[in-house]
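Subject: Structure handover

Hello,

Here is the structure I said I would pass on. My notes follow below.

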Amino acid sequence: MQIWNWHGFFMYLGSGFIFRGALVTLMLTVFATCAGFVLGTVVAVMKRSRHKGLSLPARFYIWLFRGTPLLVQLIIIYTGLPKFGIRLDVTTAALIGLSLNEAAYLAEIIRAGLDAVSPGQIAAARALGLEEGQIARYITFPQALRIIVPPLGNSVNGLLKTTSITSVISMEELLRRAQLLVQEHFMVLELFTVTAIYYLAMTSAWDMIQRRLENYVNRPYQRTATPVLLEPEANIAVTS
Amino acid sequence: MSYLEFRNVQASYGTNPILLGVDLDIEKGEIVSLIGPSGSGKSTMLRVLIGLTPLSGGEIRLEGKPIDYATKAGLRAVRSRMAMVFQSFGLFDHLTVEQNLLLAPTVVGKKKRAPLLEEMHEVLRLTDMQGHDGKRPPQLSGGQKQRIAIARALMLHPEILLMDEPTSALDPIRIAAMSDLFGKLAAQGVTIIQVSHNMDVVRSLSDRIVLMHDGRIAATASPKRDQDDNAAIARFMAAEAHQA
């Protein structure tokens, strides 16, 4: 038996079956990131609230979803909920599980970003007459984004690979499709190498997007790297 | 009836009482300087007045009417008549000087940008910051940030200008220029309440000096009327001047 089959390797690399699996992985990642970001923002804002009725549920949510494996959450959502009459198809269960899990992690990242905006700026904005919604829109969120984007990028990179866990509830994403072909043709090494190449291509593409995002949110700060011109009043102070 | 009246004003941070019942009358166009040791409640007086720190007792009246800090409309009304310069400046680091200055007039005041630009250039000229409108606060020195903080407050055309250490980062020549500006504003009817540790500014600028101690007013003096300050105030000012 040969160790490596080049023909098989190239066949799988160009396989539409595997490619469509990668598209499913991509779809799961994009959806869970977007839904997780929206839900994570809500949870982060709730957690920062002074009202216990808001902050305690947010804490509980983060504690629960960060404290249990995604695998367990997916199995409970997919096989546990039908016992209570809630029947979900595989894709819906996978999307819900990934989004809920991602939201818990993103909530902590977003909270840290919101906390990083100095209270002095918030007080100044209130004194200027801005209302809380306007402060969030014009002051807090634009500055928080700069703090949020780097760890968010890490989280998305992780999520891209974590989507493979949905294969246990038979979600036909990239890894599951590779496994299916392995069972048919037994070319384990070739198939998983192709799978790895697909994941690498997707994470590399994300790296590029993330760099652009970071540049975008850092735009207001980029010119600060240039040295501040010697302040004329410093001269006056010395000579007077 | 005075223009602005503090009546038994009390405030606390959490369980820590800061103001323990302050009574103070301020007239329109007056320049009042709050002095006193750290923690005596000077900055809290300003924060309470603009509704950043809630009153825990007493009331503040503006033109005879109690200020309503409890409702959004009340807060909006009082803040539309005041502006505050913060000790830490509170400039928005992600916005340019121009955006810092125009944010409140456009977003809160709903004014058009084009006429505001002319006003902005005038205010930047008054604070000797012309030509800096495209920079962001992290690119400015401490003294420049302070003057932008003053400029931002002036863009609001406040009736009452609250300033917490407005000259702390400035050199003597700029302090003189800013004091001159504050004097002119007061002459136009703007009421100025400032917290300051600069006793030269306090002595030359103030219509009234208010010495605070442990959340209460310990003494007041009117340096423009009396030759000699109140004894307690004179002692405090001498000690501050000695430290400086």
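In what order do the elements of chain A run from the N terminus on? The order is α-α-α-α-α-α-α-α-α-α, and the count for chain A is 10 helices and 0 strands. Please keep in mind that this is a predicted model. The predictor gives an ipTM of 0.92 and a pTM of 0.82 for the complex. For chain B the average pLDDT is 93, with 98% of the residues at 70 or above.

On the overall form of chain A: the radius of gyration is 24 Å, whereas a compact globule of 240 residues would be near 18 Å. The C-alpha trace of chain A spans about 90 × 50 × 25 Å along its principal axes. Of its 240 residues, 32% count as buried. Among contacts in chain A with a separation of 6 or more, 75% are between residues 24 or more positions apart.

An unreviewed UniProt entry lists residues 17-46 and 58-81 of chain A as "transmembrane region". In the model, residues 17-46 of chain A are 100% helix, with the end C-alpha atoms 43 Å apart. Residues 58-81 of chain A are 88% helix and 0% strand, and there the end C-alpha atoms lie 22 Å apart.

The contact between the chains involves 24 residues of chain A and 26 residues of chain B. On the chain A side, helix 6 (119-127), helix 7 (132-162) and helix 10 (232-239) each give two or more residues. Helix 6 of chain A provides the largest share, 6 residues. By type, the chain A side has 13 nonpolar, 7 polar and 4 charged residues.

Regards

Notes:
Residues numbered from 1 in each chain as written. Chains lettered and ligands numbered in written order. Predicted model: local features only at pLDDT ≥ 70, side-chain atom pairs only at ≥ 80, totals over all residues. pLDDT = per-residue confidence, 0-100. UniProt positions renumbered as here; feature names shortened; annotations may be inferred. Helix = DSSP H or I, 4+ residues; strand = E, 2+ residues; numbered from the N terminus. Contact = placed C-beta atoms within 7 Å. Nonpolar A, V, L, I, M, F, W, Y, C, P; charged D, E, K, R; others polar. Rg over C-alpha atoms; globule rule 2.2 N^0.38 Å. Buried ≥ 20, exposed ≤ 12 C-beta atoms within 10 Å, placed from the backbone.
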